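Hello,

Here is the structure that you will be taking over. Please open it before you read the notes below.

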Amino acid sequence: MLVKIDNLVKRYKDVLAVDHFSMEIREGEILGLLGPNGSGKTTTINCLLSLLKYDKGDITIFGQQMSPTRYDIKKDIGVVMQNVAVFDELTAYENVDYFCSLYIKDAATRKKYVEEALKFVAIEEHAKKVPPKLSGGLLRRLNIACGIAHKPKLIIFDEPTVAIDPQSRDYILEGIQNLNKNGATIIYTSHYMEEVEQLCSRIIIMDKGKALAQGTKDELKRMIKTGETIKMQVLDISQAQLDGLKELKHVFAVDYVGEDLTIRLTQGKHNLARVLEYLNNENITYGRVASELPTLNDVFLEITGKGLRD
Amino acid sequence: MRFKYNLKSVTRTKSLMFWGMAFPVIMGIIFNVAFGGLSSGEFNPIPVAVVIMDDMAMISTAFYEALPMLSEVMAATVTGYEYAAELLFEREIAGIFLLGYELELVVNSGGVDASILETVANEFSMTAITLGNIVNIDPHGIIAAVEAMQGYTTSMLQLNLQAVGILENFFYVMLAIGCFMGIHLGLESVANLQADMTQVGARVSVSPTSKLRLFAETVVSNTIVQFIMSVAVMLFYMHVLGVEFGERLGLILLACFFSGTMAVTVGMFVAAITPGRLAAKRNIILALCNVFFIAGGMFAIEIRNLIRELVPIFDRLNPIVLISDTFVSLAIRENLDIFIQNSLTMLGITIILCAASGLVLARRRHANL
Ligand SMILES: Nc1ncnc2c1ncn2[C@@H]1O[C@H](COP(=O)(O)OP(=O)(O)OP(=O)(O)O)[C@@H](O)[C@H]1O
Ligand SMILES: [Mg+2]
């Protein structure tokens, strides 16, 4: 186990930001910490890094008790914070070099690492520019380069894709996957479920400081009742027919709003065929049929009773 | 290597450079132009009006701050624009300074007074531009810094004006002001060590390099920057403006070193012991400086006399009093008693505050986010 957080409690005066939160991270995985704004992701990360003092709990990294002066642990951690943290007066190259120097003493090694980091986020041609001259996306990438240049074993990304264009975003996600392929274990926090779904091998759903569920995305989806959602357009259907639909095998919810019919089913075989057969028998005309597997949003919706997006 | 970057990041922070170096240089030039060849008393201040517009840029704020120091050159009254225009038309004043996004001057053409005023305005703007392009650069940081600094220079001068005649000691006073600005240098650099002050501070805090080590590096580099700025200002005064500092050159340099170093550590200490983010600490520094100024006799020399009687120790340790008295004593006193006494006091303060800030930084293991 690379990281272990046990029963973490963190209170800011009257706000309970993290509430008996536990998690474990295995070597080599990309762990997604998924939660809406204010759910306690950043606070958890700051406690993990010993940046914040916490009220209760136990944190070990690389099997060792973490504390602010455990430099031997800190040297193998890379952090990409939610907010951009660079010197405005230094160029991109100098920034990466400065932060890398806090980890790597040897000048030749560092030079190599800095160049690799700049190349990794593809901002080599902007190496001589100062941050105020960089666009938002480039600035985020520089922020990443500053956090990972020293080739850490454990990298923490706190919402690295907030407020950037889709192109830079794809670039960053791909980069994170490459870091992982090269051996780094990754903690990734976000409130975008698509990103987490695309990137993470395991996911923890967090809300109000608590871990509500965890597992791989398939495990999470299996946890909830919804196994399949069938959507279609129907011009006319009676209440009796709707009730009839509800009686079908595996169906547990039917909604008809406007001309949109939504049928939620638990997992099972031939669900769509059974629904269509019923509609044909009842002589109901339908169009634009779509069958959807559950998304993380459905998972989130069922577990917390609210949507993931603000 | 980090040392080099520390120097770079400080010397590229234009507001710090402005107050520590450009400002004393500009003031020196103006002073010299106005009094070139003249000795004290032969010059009647030129009457001018100053109109404050919305949206004052750095250059205008700096000019406004400089007015008390220019009182021997110009007798300035702050008025509205229309009234100023009327005065100019009736030739009761020789010119109008418009302080807005730029520093503008309106004069009746011709005449010696007009050309002196033009020189003042030009020097102020042009030197500002050449010394680091201060006028048109990124306004955010500068405006914040200027806001935090408003009042200092004016007060500083009043303090010294009361103690000695300005003409003889003008350049000493300007050197003292440059040194005192080190207080901001100190504040800004500790900011990057503390997670609760800046984002960079957070990044530094999660790294495996100890705070104490980084603190020591910052102390050394800031002290050096501060000293280099003082030396540059002094060299400029001597070689460009032809100011004679006499045989006490070495002592003046020592005074620059002790004063600047103490100012830097005062800034660092305040940054280290007070809570909150950078903006909050800038305000704390401002408030503290006001206390120093008032106690040092800024509004009335009587207050300083009172303090000296009631809490003599505070008067002895007030950084502003220490710095300005040290410089002025070099200008006007035969013996070096005050210089030696003050230098030792400043050295003592520097060592104590440095140790205390380092201790506080090292012991504060968690951030107060
Ligand atoms: N310094 C602070 N003082 C008081 N309350 C705080 C502080 N920082 C965070 N909080 C509160 O703690 C809770 C968790 O905040 P946190 O920043 O950890 O959430 P988050 O999941 O990172 O949210 P986001 O997606 O917006 O970054 C929130 O209710 C927040 O308001
Ligand atoms: Mg956050």
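This is a predicted model: local features need pLDDT of at least 70, side-chain atom pairs count only at pLDDT 80 or more; totals for chains, interfaces and linings use all residues.

Residues are numbered from 1 along each chain as its sequence is written, while chains are lettered from A and ligands numbered from 1 in the order in which they are written.

Chain contact. 29 residues of chain A are in contact with 23 residues of chain B (C-beta atoms, placed from the backbone, within 7 Å). On the chain B side, α1 (2-11) and α10 (199-205) each supply at least two residues. α10(B) gives the most, with 6 residues. Helices here are DSSP runs of H or I with at least four residues, strands are E runs of at least two, and both are numbered from the N terminus.

Ligand site. Ligand 1 has 15 residues around it, and Y12(A), A17(A), K41(A), T42(A) and T43(A) come nearest; a residue is near if its C-beta atom, placed from the backbone, lies within 6 Å of the molecule. The site is shared between chains, because residues from chains A and B surround ligand 1. In chain A, β2 (15-25) and α1 (41-48) each supply at least two residues of this shell, and α1(A) gives the most, with 3 residues.

One residue of chain B. E82(B) lies in helix α4 (residues 81-89). E82(B) counts as exposed because it has 9 C-beta neighbours inside 10 Å (exposed means 12 or fewer, buried 20 or more, partly exposed in between, with C-beta atoms placed from the backbone). E82(B) is 31 residues from V51(B) in sequence and 9.5 Å from it in space, C-alpha to C-alpha.

Regards

Notes. Two residues are in contact if their C-beta atoms, placed from the backbone, lie within 7 Å.
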